[in-house]
Structure formats: structure tokens, C-alpha cells
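Subject: Structure handover

Hello,

Here is the structure you asked for. My notes follow below it.

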Amino acid sequence: MKKLLAALLASAMVLSLAACGSSSSTTSTTAAAAAATEAAQEAAPEASAEPAETIKIGFAFPMSGTAAMAGKYSTHGADVLKEALGGVIEVNGVEHPVEFIYADTEGSEEKTTNVYQKLIEEEEVIAIVGPDASKCALAAGPIAQNAGCPNVATFATNTAVTETGNYIFRACFIDPFQGSVAAAYCEEQGYKTACIMFNNADAYAVGLKDAFIENFDGEVLGIEEYSGSDVKDYNVQLTKLAVQNPDMLLLPNLNVELGLQIQQARSAGLTCPIVCGDSADTPDVANVAGDAIDGVAYVSAFSAESTAPAAKEFVDAYVALYPDELPNSNAELTYEATKMVVSAIQNAKTLDRDGVRDAIEAIDGLELPSGSMTMDATTRNPIKGGVIMQYDSEGVTHFVSSVNP
Amino acid sequence: MKKIVLLLQKLSPFIGCLIFYIVVTVLRSHKIINGYYMQVLMFAGVNVMMTVSLNLVNGFTGQFCIGHAGFMSLGAYGSAVVTTLIFKGSHFTGVAQLPVFLLSLLCGGTVAALVGCLIGIPSLRLKGDYLAIVTLAFGEIVRALLRLIQPIGGARGMIGIPNYSSFGRILFFVALTLWLVRNLIYSPFGRAFIAIRDNEIAADAMGINTTKYKILSFCIAAFIAGVAGGLYAHVLCFIQPDSFGFTKSSDFLVYLYAGGSGSLTGSVIGAVLLTILPEMLRFLADWRLVLYALILVAVMLYRSEGLCGGKEVPFLKVKRASLYKEPIFGAKKNAAKNG
């Protein structure tokens with residue numbers, strides 16, 4: 001009996017290998033598009049030559065594993081755009097059915113490379129959106145590059161990601177870019193003098209600080225540094241800075257450090273506005289800082305409270321589709337990355353991977369929820385706005401302004 | 001004639017892998033197998049090597065190593081340092097590439113084996129659960145240390161590793177591993193391993209230096225895992241310390257026990273099936289990993305010794321008569337008890 005079961009089980013496994021090789025992966029399209037796709041698949045190569053060829057866009061997100069939540073938001077973000085498209089993309093007056101193919105990366109770089117191979121070789125997608133983690137993007141990037149398949153990473157902030165090659169783009173801004181957003185905000189607010197305290201052992205803090213100094217038109221009165229997250233006492237540095245009496249204080253540091261720093265800055269007599277990077281966007285910072293959190297501003301990629309028309313349109317569409325939640329930055333960045341791909345498909349000179357790549361590179365002034373976006377053709381990073389958020393006395397964040405540096 | 005049969009049997013892992021290679025190459029040239037399948041098969045090959053090496057420690061020597069990914073990461077970093085940092089990556093094409101790659105794999109394997117020895121000497125005096133904890137801690141220490149070393153990328157990982165691992169090369173190393181481990185097990189060394197597994201006290205009483213043999217098995221396993229790690233690094237072209245965490249180690253444990261510990265056939269089948277299965281279940285979307293887990297549960301319920309526990313396909317066996325004049329401590333009885 002046991003042997004029989006084992007044999008059955010083994011054969012079931014083998015069968016599933018054989019049978020599933022040919023079946024298509026997780027597809028989700030409107031019924032019409034799905035039907036069209038099936039028809040196209042049945043008709044095999046002949047159908048692909050017809051004008052209304054199905055356009056497939058691949059998505060690589062972590063839908064299981066520890067990062068599953070991010071993947072859920074990402075799929076929702078893409079779904080919003082899919083809904084808006086109604087299952088078709090119009091290219092040169094021809095309506096092409098569009099298919100979004102979601103594939104699970106499990107947040108693992110090994111699985112991401114498998115997913116890329118599958119999307120590129122088997123599904124023959126025209127472009128890939130995702131993944132969100134830098135490690136996955138770094139591992140899978142060479143595959144997309146070698147296959148000549150354009151790839152827009154959503155949340156991969158590591159500068160090395162787009163250095164893989166000219167087919168790899170990203171939708172998020174890289175860490176140093178936040179420094180220029182912060183500088184632009186300070187100009188807008190009319191701050192003339194600034195002080196900085198940063199962690200010299202952390203690439204994020206150093207990059208942010210350098211970009212801020214480069215872009216800040218006013219005068220930097222004092223820069224103090226410390227080494228590592230295990231430092232808990234910043235009074236020496238902060239007291240030195242307090243003497244300078246600056247218009248603002250920049251703290252481009254990690255979230256575990258920020259709470260104490262904000263608290264100690266206030267007690268050291270620094271009453272000026274405090275500006276931080278997007279690491280301040282965690283509840284921990286507000287909890288540790290206590291009352292001192294009131295008025296602390298930070299750079300963020302996107303706010304659901306933003307008043308820009310593109311942002312309102314996105315948030316409204318999102319809430320209509322998913323009434324129980326507000327879009328977070330994963331959802332928003334995926335929406336933006338997908339929007340970049342879709343607009344590139346619409347503007348592509350030739351409807352193939354190379355055409356789409358060229359069109360992504362040529363994106364200029366595309367209206368996105370986080371502001372107007374232009375692709376930097378040399379670094380393949382987006383040039384776009386950020387938003388400034390501010391904590392109130394309750395530790396709740398509010399949208400202040402959109403900044404286009 | 002008898003000699004030819006004997007020779008064929010001796011080289012059977014190579015012949016088996018060669019046949020598999022030819023089949024896959026033919027299918028690939030007819031576009032039946034695309035790059036995606038090739039990639040999955042390459043990962044499967046690496047996993048086979050990892051599982052076989054783990055089998056040597058867990059299955060044949062009866063120790064419990066749960067930090068095997070630590071050795072893999074040492075090998076991956078060791079070989080990636082050679083190809084990427086010392087030889088500066090992609091300058092090598094054609095003929096010069098292979099020796100560089102082999103040298104890097106040798107380096108990776110040696111680093112892993114040396115570290116395996118280093119931690120084996122003090123810790124293999126421990127038994128059972130205690131050894132398991134030490135190996136677990138070892139895996140985590142390696143990970144934490146690799147995160148600190150900046151020249152190899154620290155926590156951000158190493159990028160730009162050349163893509164030297166091809167399907168054929170991996171398959172060759174799989175064959176080499178199978179051949180090596182099979183011959184080892186059917187040698188006096190292997191008999192000593194199995195004796196330690198079956199009853200350590202009795203083995204000791206028989207005059208086997210148990211600590212020595214445990215360290216030996218540990219080192220050989222670490223070496224194979226290091227080479228597998230080197231191959232892995234050159235498939236993925238990117239490694240970071242966090243990829244070799246406890247989850248990776250536990251993957252290999254799952255492959256080993258689902259396939260059947262103490263059986264080389266089991267290691268191969270377990271690693272290949274369980275690497276391919278999650279990919280082939282992709283059509284199920286969110287239910288994919290649920291079904292995967294259910295299959296594992298079913299295997300364990302109905303075949304707790306693993307799919308091939310205690311069984312071996314003929315080509316991974318060595319006829320005892322061809323190696324020994326007389327049988328050594330009741331090997332047949334041991335084989336039945338495997339798993």
C-alpha cells in the first residue's frame with residue numbers, strides 16, 4: 001500500500017513537471033484580453049505576425065516569503081494601471097491587447113533569475129517591471145541585459161543596479177538624490193544657513209550629505225560626524241552645532257539613530273527646523289523622539305496626501321480598486337515603473353524590446369504621481385521630484401510639498 | 001568483456017551524466033528546452049552537489065550539520081575572489097577561461113575544507129543536538145563575517161562575477177561528486193563512516209578513530225560544498241552573505257531527507273525534484289508553495305525514510321566483490337537500515 005502511494009506520489013510529481021512546462025503562468029487580464037491571448041497562443045506563430053499582437057509585460061515581485069507584503073502592494077499598484085488601460089494599449093492607432101504576467105521572486109535572487117529567464121524566454125515579454133530589492137535586481141539584471149530585454153526596477157536603490165547595462169532602468173530615486181531634494185526644499189523655505197551631523201560609516205548618510213552640500217545654495221556653517229549606529233550620545237556634536245545657530249539642521253542618518261538625535265538636538269538648544277532623509281519614515285523615529293518629533297521634515301518618494309493631479313488620480317483609482325488600503329511607496333513605484341513601460345510602448349518607434357528600451361531612455365516630462373519624470377539617459381536613473389513630509393506633535397506624518405530639484 | 005562491464009560500472013556517474021548532457025543538448029538545439037529550463041537545471045545541479053555532500057555528513061556519518069550553506073558561501077566567495085578580484089573577471093575567453101575557473105573552484109573548495117577542518121576539530125567531539133547547534137552557529141558566523149569584509153562588497157555583496165558556469169561544466173562536477181562520494185562510501189573510509197553512524201560506541205570499540213573519521217567526512221563534504229558554491233556564484237554572477245543564511249541550509253536538509261538520507265540516488269532525486277517542482281508549479285500562483293509543502297508532508301507521512309531511503313540505483317553501487325575479497329562488517333544489513 002505504502003509503496004503504491006509512494007509510486008503514485010512520485011508519478012504525480014513527474015507528471016506535474018511534464019504537464020506544467022507548457023501551460024502559461026499567472027496571468028491576469030480582463031476577460032477579453034485573456035480570450036485574445038488564448039486565441040493567439042492557439043494560433044501559434046502565425047497570429048503573432050498580425051497587427052493586433054498581444055503585448056506582454058512581465059512583473060517580478062516577492063509574492064511569498066518575508067517581503068510578501070511589498071509584493072502585494074506592488075501587484076496592486078500594477079493592477080491600478082491595468083484597470084485604467086482596460087486591457088489594451090493603443091500603439092499608432094492599433095489597439096493591442098495587453099497582458100500583465102506576475103511572477104513570484106520569493107525575495108530570493110536565485111528565484112529572481114529563474115523568473116527572469118521564464119519571462120524572457122518562455123513568456124517572451126516586451127519588458128520587465130521589478131524587482132524591488134537591489135540584491136534581486138543585481139542578480140537578474142545581467143540576464144535582462146544579455147537578452148536585450150528592457151527592465152525597470154521599482155525599489156532597487158543601489159547605484160550599481162543600473163550600471164549593469166543600458167537595458168536596466170529604475171523608477172525610484174537613488175539615495176544621494178534625496179540630498180538634492182532636501183536642498184531644493186530648503187531653498188524653497190528660504191533657509192540661508194545649515195548645519196549637518198552625519199554618520200561617516202554609512203554610505204546612505206554620506207551620499208545624502210554630499211548631494212545636499214553640492215546642491216544647497218546657502219552656507220553650510222558646521223559639519224559634525226560620528227561613526228556607526230552604536231553611538232548613542234550626540235551631545236558634543238550637537239552642542240557645537242547649536243552655537244552656530246543655523247537656519248536648519250540636516251540629519252541624513254539611519255532610522256535607528258534619528259530618534260535619539262532629534263531628541264538630543266532639541267535639548268542641546270537647536271530650535272531650528274530639522275530635515276531628514278526617507279529613513280525617518282518609520283514609526284520608531286517618532287516613538288523614540290517623543291515630543292521633539294513635532295515639525296521634523298523628511299524627504300519621501302511619494303505621499304498619498306499629495307495634491308498634484310496625477311497623484312490624486314492614482315490614489316483615487318487605487319482606493320476605488322482596493323477600498324481597504326492606501327497606496328504605499330511600493331504600490332506607487334510599481335505604478336510609476338509600469339507607467340514608464342506603457343508610455344514607452346506607446347511611443348516606441350518599433351514595437352519590440354529595443355524600441356521600448358530606446359523609448360524608456362527618451363522619456364521626457366512624463367506626468368507621474370510623484371511629479372514630472374525625465375529619464376537620465378546616461379545613468380538610467382529617473383530625474384523626478386520627491387515630496388517633503390512633516391511630523392506633527394502626535395507623530396503623524398503630513399504632506400508638505402512636492403519638490404522638483 | 002567482464003573488464004569492460006566493470007569499467008563501465010566504475011565510470012557510471014560520468015556515463016549517466018554524459019547521456020543526460022547529450023539529451024539536454026539535443027533538446028536545446030531543437031528549442032524544446034529554453035534558457036529558463038537550462039537555468040533551473042543548473043541550479044538543480046548545484047543543489048545535487050550540495051545535497052550529496054550533506055548526505056556524506058548527515059546520511060552516511062550520522063552527524064547533524066545544519067549550517068551547510070556556510071561552506072557554500074565560503075566556496076562561493078573564495079572562487080569569486082579568484083575570478084573577479086584577482087583575475088579581474090571577463091578578460092578570459094575561450095581556452096584561458098577554463099584553467100582560471102578550475103583554479104577558482106579549487107580555491108573555493110580548499111577554503112571551505114580548511115574552515116571545515118578548523119571548526120571540525122574542536123566541535124566534532126560533540127554529538128547530536130550539540131553538534132547541530134555548533135554548525136548552525138558556524139553558518140551564522142560565516143555570514144556575519146562576510147558582511148564585514150569590505151573588499152568583497154560587505155553586506156552589499158559582490159557584483160560582476162563572470163558567467164563561467166555552463167550547464168556542461170556543472171554536470172561534469174555533479175558526475176565527479178557522485179563518482180567520488182560513491183567510491184568513498186564503498187571504501188574502508190566509507191565503511192568507517194557508516195559504522196560511526198550505526199553505532200558510534202561500537203565503532204570506537206572496533207578500533208575506529210571516530211573523531212578522525214568524523215572530521216574527514218566533514219572536510220570532504222565542506223570541500224564539495226565549496227566547489228558547489230563556486231559554481232553557484234558563477235551562475236548567479238552576484239553573491240551576498242545573506243543568500244547563504246539558515247533558510248538555504250534548511251533547503252538542503254529538506255532535499256536530503258525528502259530524497260532519503262543515506263542514499264545517493266535519494267540525494268539526486270530529492271535535489272532535482274524539489275528544485276524543479278516550485279518552478280513547475282508556477283501556474284498555481286499563490287497556491288504554489290502551499291502545494292509544494294503539502295507534497296513534502298505527504299512524502300514524509302507515507303515514506304518517512306525519504307523517496308529513495310535505503311535504496312540505490314545499480315549504477316551508483318559498486319559491486320562489493322570488485323573492491324574487496326571479503327565483505328566488511330555486514331554492509332548489506334547496514335544498507336537496509338539506511339535512513
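At what angle do helix 13 and helix 14 of chain A pack, and how many Å apart are their axes? Helix 13 (residues 329–347) and helix 14 (residues 353–361) of chain A pack at an angle of about 115 degrees, with axes 8 Å apart. That makes helix 13 of chain A roughly perpendicular to helix 14 of chain A (65 to 115 degrees counts as roughly perpendicular). Axes are lines fitted to C-alpha atoms over the stretch in contact, and angles run from 0 to 180 degrees between N-to-C directions. Helices are DSSP runs of H or I with at least four residues, and strands are runs of E with at least two, numbered from the N terminus.

This is a predicted model: local features need pLDDT of at least 70, side-chain atom pairs count only at pLDDT 80 or more, and totals for chains, interfaces and linings use all residues. Residues are numbered from 1 along each chain as its sequence is written, while chains are lettered from A and ligands numbered from 1 in the order in which they are written.

Helix 10 (residues 255–267) of chain A has 13 residues and reaches 19 Å from first C-alpha to last, close to the expected 18 Å (1.5 Å times one less than the number of residues). Its buried residues include A:Leu258 and A:Ile262 (buried: 20 or more other C-beta atoms, placed from the backbone, within 10 Å; exposed: 12 or fewer; partly exposed: in between). Just after helix 10 of chain A, A:Gly269 takes a positive phi of about 95 degrees.

A:Val396 lies in the loop between strand 16 (386–391) and strand 17 (397–403) of chain A. A:Val396 is exposed, with 11 other C-beta atoms within 10 Å.

Regards

Terms used: Angles under 35 degrees count as roughly parallel, over 145 as roughly antiparallel, 65 to 115 as roughly perpendicular and the rest as oblique.
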